[in-house]
Amino acid sequence: MARVVVLGGGLGGMAAAARLAKLKHQVTLVERSGTLGGALLPVRRDGFNWETVDLTLLPGALRDLFRKSGRPLEAELDLRHRPILREHRFPDGSALALPGSSRAAQLAAAEALGPGLGRAYVDHVATYTEAWETLRRHVFEAPAADPLPREVAAVMQSRETLHRRLRRSFADRRLRTVAAHPFVLDGHDPRQVPAWAGLTGYLEQRFGGWVAGADDATGPGLGTLLADALTRRLTTRRVEVLTGVEARDLVTRSGRVAAVSTTAGDLDADAVVVAIDPRLLPALAGPLRRSLPATPPTVLHLGLRQDPAARAALPVLEHETVLHGESASFTIRHGGQAPAGATAWTVLVRGKVVEDPVVAMARLGVDVRPHLQTRLDLTPRELVHRWHGSPLGVEWRGRGTAAGRVGPRTPIPGVFAAGASATSGTGLPFVALSAAVVAQLIGPA
Ligand SMILES: Cc1cc2nc3c(=O)[nH]c(=O)nc-3n(C[C@H](O)[C@H](O)[C@H](O)COP(=O)(O)OP(=O)(O)OC[C@H]3O[C@@H](n4cnc5c(N)ncnc54)[C@H](O)[C@@H]3O)c2cc1C
């Protein structure tokens, strides 16, 4: 049995710890805050619990995690398919409610924007079929070989950017906006994102979006339920969890990792899984100097209550609605616990906003001002401070981005990396897959 120390108690760290404990390692997880979950956790204030995470693509990644670490996911939480991924509302007054899991439904929805646009959208998505199959097998579900197999290198080292691919696929600006949205929302400039990363659109079409919790999103949602289920899983697997302890650096002996230096003293380790931003650890930071974390959006948590005296009722929106303005977008998500009669919305703001975002939203047709009971605005800086890093991983900076990222292997023998900073995919599925790959590399005890 090897002693494995896992750094970080977000999804990446918890997933790696649960898998490695099931493989019979003696696992200690170190989390600097007082609670496990990282960015999965809701924000609490004035009786509201706002969920930050909304849905997951590729539910198989979470199912695999639960199956390989004990009882199946279905025994812990119910994932439900959400037919509409999000509604986009454009400045010209048109709108597209984008369905998931169905090529035919996407074709029909985009065709309603204009003749030929449905075909253009599904043809664009189809360009990713092969890239996904290749990268899934060789990169996302198994440790990549070094050097990369020829077909993988052909995809990953192409010079084509997402921006260029979208210009080739779509004459219609609205479809370019729709296909670029997941990247813009995650803090990237499509001119710096490689074209292959757009396979997110393929995952949306093929596997759809999945949520957890009550249908009307008034109770705990996917983030909270997943954090709770994984916390229980760590207890079942007898993972030693040290909360309130911060990892400071890695200690090496004879060229291999021997311990982790923490605020609670050194922890001996035969292997270490870094599921935090590796630039926080001086032993790994050097070569990563030139990379930057992807900047989180400005986040508004709004507590709303229908004001009967107001001239207009509280707008009824899809679970996720994106208001596209000329220079900014507002992604509105419903979700979280609220006092009786109230509702919790979270708004993720991207772009240039020189006025109060709530006023800008009103200008774009969603006026919540008469119904506002409470609000909490969080700047990107406050969020990075709160999470001690960016749960959105490394900012895309063209092909050179790979040099600014470590994982699943690192330059130090015995040290592996999982989580948002260690994967070139985005969101929960890729974080979960990164932990699976690290568990494969470390192997059974
Ligand atoms: C606003 C927003 C909305 C999102 N919505 C979605 C969504 O709808 N769907 C989706 O799939 N993804 C979403 N994501 C992305 C998703 O939240 C992340 O991919 C995922 O939670 C990252 O998990 P992680 O474990 O890598 O990082 P984190 O959750 O950031 O966990 C890292 C943990 O490490 C701890 N830590 C940091 N430094 C140290 C240290 N030195 N020592 C010990 N512990 C340390 C932190 O306290 C934290 O608990 C969203 C992200 C954001 C920011």
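1. Asp 54 sits in the loop that connects strand S4 (48-50) to helix H2 (59-69). Helices (H or I, at least four residues) and strands (E, at least two) are DSSP runs, numbered from the N terminus. The model is a predicted one: local features need pLDDT of at least 70, side-chain atom pairs count only at pLDDT 80 or more, and totals for chains, interfaces and linings use all residues. Residues are numbered from 1 along each chain as its sequence is written, and side-chain values use heavy atoms, with hydrogens and water left out.

2. Asp 54 is buried, at a relative accessible area of 8%. Buried means under 20% relative accessible area, exposed over 50%, and partly exposed in between (1.4 Å probe, protein chains only). The side chain of Asp 54 has a polar contact of 3.0 Å with the side chain of Arg 82. A polar contact is a pair of N or O atoms within 3.5 Å; within protein, one must be able to donate a hydrogen and the other to accept it, and residues adjacent in sequence count only if both atoms are side-chain atoms. Not counting residues up to four places away in sequence, Asp 54 touches Arg 82, Val 211, Leu 222, Glu 320 and Arg 333, where contact means heavy atoms within 4.5 Å.

3. Asp 54 also belongs to the ligand site: of the 32 residues around the ligand, Glu 31, Asp 54, Leu 55, Ala 420 and Leu 428 come nearest. A residue is near a molecule or strand if one of its heavy atoms lies within 4 Å of it. A polar side-chain atom of Glu 31 is 2.7 Å from a ligand oxygen atom. A polar backbone atom of Asp 54 is 2.8 Å from an oxygen atom of the ligand, and a polar backbone atom of Leu 55 is 2.7 Å from a nitrogen atom of the ligand. The protein covers 93% of the 1,000 Å² of accessible area that the ligand has on its own.

4. Helix H1 (11-22), strand S2 (26-31) and H14 are the elements that give two or more residues to the shell around the ligand. H14 gives the most, with three residues.

5. The largest nonpolar core has 84 residues, and Leu 135, Trp 196, Leu 226 and Val 273 touch the most other members. A nonpolar core is a set of buried Ala, Val, Leu, Ile, Met, Phe, Trp, Tyr and Cys residues joined through side-chain atoms within 4.5 Å. H14 supplies the largest share of this core, nine residues. Another core, of 17 residues, lies apart from it and includes Ala 328, Val 347, Val 349 and Met 361.

6. In H2, the buried residues are Pro 59, Ala 61, Leu 62, Asp 64, Leu 65, Phe 66 and Ser 69. They pack against H1, strand S5 (79-82), H9, strand S8 (209-212), helix H10 (222-236) and H14. Just after H2, Gly 70 has a positive phi of about 150°.

7. Helix H9 (residues 200-207) is mostly covered, with six of its eight residues buried. Gly 208 follows H9 and has a positive phi, near 75°.

8. Leu 85, in strand S6 (residues 84-89), is buried, with a relative accessible area of 0%. Among the residues that Leu 85 touches, not counting those up to four places away in sequence, are Leu 55, Glu 204, Gly 208 and Glu 320.

Definitions and conventions: Areas by Shrake-Rupley, 256 points an atom, 1.4 Å probe, with all protein chains shown as cover.
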